[in-house]
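Here is a short report on one protein model and the ligand beside it. Look over the sequence and the structure, then read on.

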Amino acid sequence: MKAASSMSLLLFVSRETFFEYVNSSEKACNLWQEYGIMVDSIFDGEELTSMGKVIAIVNQKGGVGKTTTAVNLAAAIGSAGYRVLLADIDPQGNATTGLGVNKKQLTVSSYEVLIGGAKSSDAIIATQFQNLWLMPSSMNLAGAELELVELSQREAKMKSALALVRDDYDFVFMDCPPTLGLITINALVACDTLMVPIQCEYFALEGLSQLMGTVRQVKRLWNPLIDIEGVALTMYDGRLNLTQAVVDEVKRFFPRRVYSAVIPRNVRLSEAPSFGKPVMYYDSLSRGTMSYKDLANEFLAQNACGEQLSSPQ
Ligand code: ATP
Ligand code: MG
């Protein structure tokens, strides 16, 4: 509740303002009085310099908006002043192309990091966008599912690789492939939280029980602290009865986990990747840009006050 009520007031605070605020007890107190955010109990007086939080963007259903969310949310958070790494671990490499990177010119990618033991710092490249770095994908990744099977600690390769770099960033997002194979398992083992984009259409919840079953297994075996960051509703059209029915269903499935900010269907969002740009650098005034900025604000507000739950609409 506190996060939601503060959201409109916490519009796109810069990284510096945020850290300055939470590191100052007097200002923390002001924040509490002004906006109702309890920060002092969460940060416990410790200096906060980097959170290095890792978020896997997952849904094994194809075409639901994982990559669109990964690219545009990462860019929006980067533009607010936070250091963001986007790891493209989908063999399709759509996030890599969507950030204007030519896969053919890469020598080290997330494939070499997962399979070959390459250091993630050798794969990570700066993008032309503010505060946004990319661990690109390559076609080779298509064979990684099979190659991983042969390796020991096969489920923890990405966790080990990210351990060396995660604190260089405030947030690390992983754009997962539309499968629940070993690559996605690696993401679930490496992450602190998972974000689930859900397309507002028929069969939206199809496969989610399977996804949650996999998450429970990962939690039991390898990652006891894994939690759900939030559920993002994509291709939302509030005029349709179907959309409302899907939203109600999703909220029943994920009580109090669904973001208030929704992503509408917007042609600019589908055009931007062919220009190799996040939508905010392609059409800064589009509904797509606004909706991902709203989602970024909600994400930042939740993380700023340590809450992982969003209030239902
Ligand atoms: P995959 O499972 O294949 O990786 P995905 O879940 O990553 O797919 P996207 O690639 O983000 O899904 O989106 C699928 C298609 O829908 C893309 O062509 C994308 O441009 C388009 N798209 C995604 N979100 C929107 C939106 N809100 N409005 C319009 N088009 C969208
Ligand atoms: Mg994708």
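Glu112 is buried, because 21 other C-beta atoms lie within 10 Å. A residue counts as buried if 20 or more other C-beta atoms lie within 10 Å of its own, exposed if 12 or fewer, and partly exposed in between, with C-beta atoms placed from the backbone. Glu112 sits in helix α7 (residues 110-116). Leaving aside neighbours within four places in sequence, Glu112 is in contact with Ala118 and Ala123. Contact means C-beta atoms, placed from the backbone, within 7 Å. Ser137 is 25 residues from Glu112 in sequence and 9.5 Å away in space, C-alpha to C-alpha.

This is a predicted model, in which local features need pLDDT of at least 70, side-chain atom pairs count only at pLDDT 80 or more, and totals for chains, interfaces and linings use all residues. Residues are numbered from 1 along each chain as its sequence is written, while chains are lettered from A and ligands numbered from 1 in the order in which they are written.

**The whole protein**

The protein has 16 helices and seven strands. Helices (H or I, at least four residues) and strands (E, at least two) are DSSP runs, numbered from the N terminus. Of the 313 residues in the protein, 46% are buried.

The largest nonpolar core has 83 residues. Such a core is a set of buried Ala, Val, Leu, Ile, Met, Phe, Trp, Tyr and Cys residues joined through C-beta atoms within 7 Å. Ile77, Leu86, Phe173 and Ala187 touch the most other members. Beyond four places in sequence, the contacts of Ile77 include Tyr82, Val84 and Phe171.

**Strand β1**

Four of the five residues in β1 (residues 53-57) are buried. β1 pairs with two strands, as the table shows. Pairing requires at least two bridges found by DSSP.

**Around ligand 1**

Which residues come nearest to ligand 1? Of the 19 residues around the ligand, they are Lys66, Thr67, Thr68, Pro178 and Ser270. A residue is near a molecule if its C-beta atom, placed from the backbone, lies within 6 Å of it. Helices α5 (66-79) and α14 (267-271) each give two or more residues to this shell. α5 gives the most, with three residues.

Key. Two residues are in contact if their C-beta atoms, placed from the backbone, lie within 7 Å.
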